[in-house]
Amino acid sequence: MSSSSPARSARPIRRLTVAQAIVQFLAQQYSERDGVEQRLIPGCFGIFGHGNVAGVGQALLEAQLTGSANLPYYLARNEQAMVHSSVGYARMRNRLQAFACTASIGPGSTNMLTGAALATINRIPVLLLPSDLFATRVASPVLQELEDPGSLDVSVNDAFRPLSRFFDRIWRPEQLPAALLSVMRVLTDPADTGAVTLALPQDVQAEAFDWPEELFRRRVWHIARPVPEPEAVTRAVAVISAAQRPLIVAGGGVLYAEAHDALRRLAEATGIPVADTQAGKGALAWDHPAAVGGIGATGSAAANALAAQADVVIGIGTRYSDFTTASRTAFQYPGVRFVNLNIAAFDAGKNAGIPVVADARRGIVALTDALAGYQVEADYTARCQGLVADWNAIVDRAYHLGHQPLPSQTEVIGAVNEIAGPRDVVVQAAGSLPGDLQMLWRSRDPKQYHVEYGYSCMGYEIAGALGIKMAAPDREVFALVGDGSYLMLSAEIVTAVSEGIKLVIVLIDNHGFSSIGALSESLGSQRFGTRYRYRDPVTGMLDGGYLPVDLAANAESLGADVLRARSIEDFRAALAKARTADRTTVVHIETDPLAPVPSSGSWWDVPVAQTAVLESTRAARRSYEQSKRAQRGYL
Ligand SMILES: Cc1ncc(C[n+]2csc(CCOP(=O)(O)OP(=O)(O)O)c2C)c(N)n1
Ligand SMILES: [Mg+2]
């Protein structure tokens, strides 16, 4: 009735399936910051199965064949991995662009959950399109459907709700336009971004509907740079300008806001030293006079010594994770105060700090202007520089340890650092490498250091590197991966090979978990269950001989070129060759998991059993209780 009314029929419509409408819509979305526009959703990763093969899959095929929408499709090998690749891409593009990911119903979709958590925790935008059960329910239960006797509208995709910054399920086509607009709003909101999930029932994906043509117009989403409230700046400056020993903690927000130059000017104008977090590393070049290295549990001893006595901590774009605060033991000055510049009010309020809610760049500029004339005392600067010089000597030694017979991991990091070009990217996420890298890596470019340490997810390395290389094809990308992470998720080597995307993968083989092994030992648990070994028939433990596992051969079988390095000299030569190769190349090296690593002079809270038979555990508990006394609430 209404469709025959003159007013309605005059409105142009386009008849498409829900999936086709989504593809057409995504291809028309742009983001804009500082007057520069780019595609907001430059492509779609996916793995097809029932649920999306005839829905989103059909729509992507038709778009490609007809040229009606430009949304390139990339076939991933694992759904978790494709979310990692998307996160790598979006982080590299400073959150101005985000990939879409389509998955089949059931396990294809739930494989994305870990990626969703990783994206949301790291505040990186990604659009997830899990497929869902039938909206009509006529064929229920379908293959891979979760049956809940207490509710017929529950599906496995409800598990995305707590992991997503926005979640919706499209039961009817009419719901789609409003949902799509909300999706774009959240993806482009720098304070609220993360995983955005649109669950798509499989029958609805294929259902046709008459869409208003204006749904498919080109849309530009402005990415905001909010200015700080002048009164907040005044309050912050009153505290900072009274400080004797201020310290800046630069987090990932500095990099996403492209505020590194502004930060450098603030540091140069005031002399305030700058320590950085895992996500913020590289905000200042490592050899800038104000740079004091990483902070926290895996930071530099220099930054941690300064943190211990800082009277004002200026956190910029940081979430103050436990690694950053050394589980709240890093800042020991009794009257320490915090000033937190953050785009998210949630983070700005942490540690009872003075909140300055703003874009990092605009906020830093405002603070710099308002602090005109303020300078730290010369003896404070001298102390900072002395600590940094001592630390630099420690790093030099770690880079060239000459450990025998197998090299140390610190030498491998040194070699990668010295062979990488200034714009090359190093990628890592879990194991002993993030700690060693935050301590030892010398960043020369704000986008050089890419360690995913919000979720520290084993398996991010290769998949993330793929997305990073897609985002920055002009940079060499080195994925450093432990044998544990490699075994968990190396399948995206195949995607890199099939797409002709070149990665350098450094595979550090130490026959198990050097990280958790060391942690276990320090907690009295004797490296139990952390070695990749045969089970010893006498002890019943996994401490028999080495396994006949050849990870280099495994990488070769996936289509990568492989170089096997037998010594650190060999490794340097292989790495130089891999850097100039035009194919994905894996450089395999065995290292000694027990080789020494410099100390950060810091602590991380991991509880130890309060009662135990083993004396090693009881001793660890005593030392744990001792360390815990340094833990503070900042109120
Ligand atoms: C998906 C996932 N599972 C488990 C962990 C806990 N974990 C952290 S490091 C680690 C071992 C990593 O082994 P490897 O990649 O060989 O690195 P290494 O410790 O030897 O440096 C484990 C199991 C994790 N971070 N992520
Ligand atoms: Mg290992």
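Helices here are DSSP runs of H or I with at least four residues and strands are runs of E with at least two, both numbered from the N terminus. This is a predicted model, in which local features need pLDDT of at least 70 and side-chain atom pairs count only at pLDDT 80 or more, while totals for chains, interfaces and linings use all residues. Residues are numbered from 1 along each chain as its sequence is written, ligands are numbered from 1 in the order in which they are written, and side-chain values use heavy atoms, with hydrogens and water left out.

Around ligand 1 there are 15 residues, the closest being S432, S456, D483, G484 and S515, where a residue counts as near if one of its heavy atoms lies within 4 Å. Helix α20 (483-488) and helix α22 (514-522) each supply at least two residues of this shell, and α20 gives the most, with 4 residues. A polar side-chain atom of D483 lies 2.7 Å from an oxygen atom of ligand 1, and one of S515 lies 2.6 Å from an oxygen atom of the ligand.

D483 also takes part in the metal site, for the magnesium ion (ligand 2) is coordinated by D483 (OD), N510 (OD1) and G512 (O) at 2.0 Å; donors are N, O and S atoms within 2.8 Å of the metal (3.2 Å for Na, K and Ca), and water is not among the atoms, so sites may look incomplete. Both N510 and G512 are buried, that is, under 20% relative accessible area with a 1.4 Å probe and protein chains only.

Strand β18 (residues 425-428) has both faces covered, with V425 and V427 on one side and V426 and Q428 on the other all buried.

Technical notes:
Buried < 20%, exposed > 50% of the residue type's maximum accessible area, 1.4 Å probe, protein only. Polar contact = N/O pair within 3.5 Å; in protein donor to acceptor, adjacent residues only side chain to side chain.
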